[in-house]
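Hi,

Here is the structure I said I would pass on. Have a look at it first, and then read my notes below.

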Amino acid sequence: TGGLGPTADGLTREALAAATGVELVQDDVALAHIRALFARRGYGPMPERNIVQAQFPRGSRAIANPHGTAPGIDMTIARPGRTDCRLFALPGVPAELFAMWHDTVAPAIVTAQAAPRITKHRRIKCFGVGESKLEAMLPDMIRRGRDPRVGITVSDTIITLRITASGATEAECDARIAPTEAEIRDLLGVLVFGVEDDELQHAVVRLLKERGETVAVAECATDGLVDHWLADADAESSTLLGGIVVHETEAMSALLDIRAADPASAGTAEAMATVICELTGATYGLAIAAMPAEAAGSNGSEREGTLQIALAVGENVRVKGYPLTGHPAIVRTRAAKQALNLLRLALLNSEPPGK
């Protein structure tokens with residue numbers, strides 16, 4: 001993908017022609033499409049430089065691009081003594097290449113196979129333990145050679161288990177994946193929070209909607225990140241009643257009527273959760289206290305100390321301290337996810353709030 005644009009650094013078509021020993025030839029149908037696209041979008045006359053986008057290695061075929069000016073290239077390359085090589089080149093613009101892949105390239109690949117074979121992935125999202133501990137909870141599941149395969153990756157503190165299966169049909173792949181997914185869920189329990197593109201905020205919003213409940217957030221160390229994530233996950237704004245970000249003890253006093261001697265203490269987190277719950281009438285008040293003083297530096301060293309996070313439900317409040325570990329660049333993100341996970345577990349009744 002990429003390199004099919006009209007600029008001088010778009011070298012894919014020239015490279016294909018040079019590699020296969022053929023010249024570039026103009027496709028008049030493709031050129032007419034490009035000219036029509038410029039006219040339809042009101043761009044004015046097509047620049048002469050765009051003519052290059054209608055040039056293809058001799059013997060290749062154009063792949064229609066309904067959303068852009070760069071057609072793709074479908075090229076079959078003979079290899080003496082071996083099977084032919086089928087090469088597809090697509091523009092790099094995601095909206096264009098995805099449509100072209102699904103409409104043209106993927107079907108061509110499937111029909112070119114003597115016995116169609118599909119590979120499908122299923123991503124299981126987990127949070128709450130480290131990668132090595134989670135792997136130890138899945139005996140023999142990550143080993144090489146297993147069918148279906150299970151891979152493990154970590155990104156921004158979220159662990160993803162990817163199950164991969166192959167079969168003649170999508171339904172066959174699903175049938176092969178299902179027992180392994182069920183086993184993973186059985187072994188990991190509440191550590192699994194979602195699948196595919198889910199994030200913790202999506203899991204929380206789903207649970208709140210199922211229960212007909214709401215949340216409000218008061219944040220210090222996380223700078224409004226939890227509120228932002230929840231708002232983004234709930235387009236209907238039916239579960240998040242509001243949020244307040246405070247950075248100083250004066251702000252805590254003015255906005256939350258909290259006079260905190262230590263804004264990083266468990267008592268401050270408890271008061272923040274209780275007050276935000278009362279102010280908004282939310283079912284849950286979620287609060288993240290200030291970053292502890294020993295973690296306030298920004299010299300690139302790992303943070304230290306314990307961050308206090310609280311969850312209030314009416315008069316019941318649960319306060320939990322989370323050790324700050326890792327580089328400063330990830331501490332805030334991890335803290336926000338710890339807060340969301342505290343709420344998620346309460347919604348699952350796995351760790352109910354209460355002193």
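A word of caution before the details: this is a predicted model. Now to what turned up.

Let me start with the inside. The largest nonpolar core has 36 residues. Val215, Val226, Leu230, Leu286, Ile288 and Leu343 are the ones with the most contacts inside that core. At least two core residues each come from helix 6, strand 10 (215-219), helix 7 (225-233), strand 12 (284-288), strand 13 (306-313) and helix 10 (328-347). Helix 10 gives the largest share, with nine residues.

Next, the cysteines. How many disulfides does a search of the whole structure find? The count is zero. Cys277 is buried, at 8% relative accessible area, whereas Cys85 is partly exposed, at 25%.

As background, most residues other than glycine have a negative phi, and most peptide bonds are trans. Here are the exceptions I'd look at:

- Asp147 and Pro148 are joined by a cis peptide bond, with omega at about 0 degrees. Pro148 sits in the loop between helix 4 (131-136) and strand 7 (149-155).
- Thr157 is not a glycine, yet its phi is positive, at about 75 degrees. You'll find Thr157 in the loop between strand 7 and strand 8 (158-167). Thr157 counts as buried because its relative accessible area is 18%, and the limit is under 20%.
- Glu196 also has a positive phi without being a glycine, this time about 55 degrees. Its loop runs between strand 9 (192-195) and helix 6 (200-211). Glu196 is partly exposed, with a relative accessible area of 24%.

That's what I have for now. Happy to go through any of it with you.

Cheers

Conventions: Residues numbered from 1 in each chain as written. Predicted model: local features only at pLDDT ≥ 70, side-chain atom pairs only at ≥ 80, totals over all residues. Heavy atoms only, no water. Disulfide = S-S within 2.5 Å. Buried < 20%, exposed > 50% of the residue type's maximum accessible area, 1.4 Å probe, protein only. Helix = DSSP H or I, 4+ residues; strand = E, 2+ residues; numbered from the N terminus. Core = buried A, V, L, I, M, F, W, Y, C linked by side-chain atoms within 4.5 Å.
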